[in-house]
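Please keep the sequence and the structure in view while reading.

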Amino acid sequence: MSHHSSDERLVQFIREHHPSPPSPKENIEDTLIAQIETEAQPTNVTPFPRRRYQGWVFGSAIAASVLLLFTSVRFLQPSSLSPQETAELEAFLIENWEAVTMADPAETSWFIPEQPKSSNRR
């Protein structure tokens with residue numbers, strides 16, 4: 001670890017002028033505990049009211065949630081498609097796939113600039 005000359009001067013200054021810690025007071029812990037014990041306890045604090053129906057309310061809410069979950073899963077299942085609907089869906093998907101994958105030449109013709117027709121060809 002290297003020190004610069006200014007650091008050495010600062011370290012020397014701090015060593016010479018450091019403050020001395022205060023002397024510890026005797027029985028400070030006992031004094032502190034006695035002071036805490038003499039403080040008045042709050043008398044107007046009321047405990048949080050416990051209600052008797054909290055247990056069955058939470059239990060009923062959980063049971064209703066579970067019942068709702070299972071019934072919604074049953075109702076949200078897709079119904080099976082008829083063969084005609086399946087064929088229509090397959091045709092629709094194929095048509096869309098072909099429209100996306102195969103570019104229409106009319107749409108890309110604007111990329112190619114038209115060449116002027118010259119009559120001076122030899």
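Phenylalanine 92 counts as partly exposed because its relative accessibility is 46%, a value between the 20% under which a residue is buried and the 50% over which a residue is exposed. In this predicted model, phenylalanine 92 has its place in helix α4, which covers residues 83-101.

## Asparagine 27

Between helix α1 (5-17) and helix α2 (28-38) runs a loop, and asparagine 27 is found in that loop. The phi angle of asparagine 27 is near 60°, which is a positive value in a residue other than glycine.

Is asparagine 27 buried or exposed? The relative accessible area of asparagine 27 is 53%, so this residue is exposed, the cut-off for that class being over 50%.

## The chain as a whole

The chain holds 5 helices and 0 strands. Followed along the sequence, these elements give the pattern α-α-α-α-α.

The chain has 122 residues, and 0% of them count as buried. Its accessible surface amounts to about 13300 Å². Carbon and sulfur atoms account for 61% of that surface.

## Confidence of the prediction

For the chain, the mean pLDDT is 80. A pLDDT of 70 or more is reached by 74% of the residues.

Which elements of the chain have the lowest and the highest mean pLDDT? The lowest mean, 65, belongs to helix α5 (residues 105-108), and the highest, 90, belongs to α4. Helix α4 is also the place of phenylalanine 92. Where pLDDT is low, predicted coordinates should not be read in detail.

Terms used. Residues numbered from 1 in each chain as written. Predicted model: local features only at pLDDT ≥ 70, side-chain atom pairs only at ≥ 80, totals over all residues. Heavy atoms only, no water. Helix = DSSP H or I, 4+ residues; strand = E, 2+ residues; numbered from the N terminus. Buried < 20%, exposed > 50% of the residue type's maximum accessible area, 1.4 Å probe, protein only. Areas by Shrake-Rupley, 256 points an atom, 1.4 Å probe, with all protein chains shown as cover. pLDDT = per-residue confidence, 0-100.
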